[in-house]
Amino acid sequence: MAKCGKIEEMIINGDLEIDLAVETNDTVSVHLAECSDCRMFVESLRKISSEIKNIDRIKVSAGFDHALKIKLEAAKPESSSQEIKTVPFFTRMVYYAAGVAAVMIGFMYVSSLGVFDNKKGNDMITAPVTFTVASNTDKTKTVTTDSLENLRENVANDEELRMKVNTGE
Amino acid sequence: MADIKKLSDEELIFKFQKGDESAYNEIVERYKNKLLNHIFYYMKDREWAEDIVQDTFVRVYLNKDKYKEIAKVSTWIYTIAINLAKTALSRNGKMNAFSITGKDGENDYEIKDKHTTTDGEVLKNELSDVIMSSIDELEEKFREIVMLRDVDEMSYEEIAALLKIPTGTVKSRLNRARLNLRDALSEYIK
């Protein structure tokens with residue numbers, strides 16, 4: 001505690017900022033010129049501030065940047081789509097062509113199994129199917145058959161018949 | 001690349017917002033050691049502090065578009081870092097467990113080996129230790145301001161914005177803190 005205490009009181013009251021050149025304040029300047037206690041007090045505060053600025057600082061470790069890079073990669077929400085965007089145009093076209101070719105080969109294979117063969121498919125009906133066949137004589141006949149062959153025979157036997165097919169299910 | 005060093009923090013963040021990652025890298029370079037020193041004061045553990053600093057930069061990266069010119073970049077980055085540090089401490093129940101020493105009881109600051117230094121350097125290191133201990137013993141509201149002003153060299157206005165207190169309060173707390181430090185360090189600083 002300085003014996004005089006005038007400057008200390010001004011600082012405590014917030015009337016003076018020690019960071020600024022207190023000498024710019026005429027009152028303070030005159031007082032400091034006369035009072036060695038307050039001069040020493042101001043100097044000691046400034047010295048503390050400068051010593052704090054000079055204390056040893058720590059630095060980040062050598063692996064800091066690498067660890068940050070890993071964290072960033074993990075945190076980026078669009079990292080995977082960004083990778084695709086960075087693939088060269090030609091390579092991307094090759095990928096697309098390969099995809100299209102794979103789909104076509106798959107389609108051809110499935111097609112070769114006869115899944116899309118209409119005639120063969122109709123012949124493969126095994127569940128009972130109800131066909132409703134109406135004639136021009138406004139009588140309605142109901143025929144239950146398990147194949148289109150039987151239906152064709154029914155139609156062939158009566159050329160005036162108009163056919164409505166009701167699969168029921 | 002040489003030009004980027006001359007840009008202000010705000011100019012860098014705007015370049016980064018436009019997709020220039022080198023601007024982001026420059027921000028990391030500028031702040032990583034400053035933040036580490038500041039956050040170390042909260043965490044008291046170097047590895048933990050580095051983790052927090054890395055997480056801060058991840059947040060800066062992911063939230064770059066949220067930065068607006070109403071605040072300084074330093075205030076924005078420090079706010080993120082301090083919030084992360086306080087959250088981490090509160091999760092670990094260590095919010096008030098400040099101590100100058102690390103987890104293992106060793107001072108984690110890079111103090112040079114006293115056997116290989118000159119007498120002057122030994123005294124300087126000893127003074128550094130004493131100053132750090134004295135700052136550590138200050139009330140948190142004083143310690144934080146001393147760190148921000150004298151260690152991180154922030155302006156009164158930046159500190160006020162960061163801590164959300166009036167500039168006058170920053171000044172009065174800083175004065176109080178320095179007076180307390182003066183009393184604690186009276187034997188060393190004459």
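K71(A) counts as partly exposed, because its relative accessibility is 24% and buried would require a value under 20%. In this predicted model, K71(A) forms a salt bridge with D51(B), and the closest N and O atoms are 3.2 Å apart. The pair crosses between chains: K71(A) sits in helix α4 of chain A, and D51(B) in helix α3 (residues 46-62) of chain B. D51(B) is partly exposed too, at 35% relative accessibility.

Helix α4 of chain A, which spans residues 64-75, also holds D65(A). The side chain of D65(A) meets that of K32(B) in a salt bridge, at 3.2 Å from N to O. K32(B) lies in helix α2 (residues 21-43) of chain B, so this pair joins two chains. D65(A) is partly exposed, with 37% relative accessibility, whereas K32(B) is buried at 8%.

A further salt bridge links the side chains of K53(A) and D150(B), with an N to O distance of 3.7 Å. This pair crosses between chains as well, running from helix α3 (residues 36-53) of chain A to helix α6 (residues 140-151) of chain B. Here K53(A) is partly exposed at 34% relative accessibility, while D150(B) is buried, with a relative accessible area of 0%.

The pairs described so far belong to a longer list. A search of the whole structure finds 15 salt bridges over all chains. In chain B, salt bridges that share partners join K5(B), D9(B), E26(B) and R30(B) into one network.

Key
Residues are numbered from 1 along each chain as its sequence is written. Chains are lettered from A and ligands numbered from 1 in the order in which they are written. This is a predicted model: local features need pLDDT of at least 70, side-chain atom pairs count only at pLDDT 80 or more; totals for chains, interfaces and linings use all residues. Side-chain values use heavy atoms; hydrogens and water are left out. A salt bridge is a side-chain nitrogen of Lys or Arg within 4 Å of a carboxyl oxygen of Asp or Glu. Helices (H or I, at least four residues) and strands (E, at least two) are DSSP runs, numbered from the N terminus. Buried means under 20% relative accessible area, exposed over 50%, partly exposed in between (1.4 Å probe, protein chains only).
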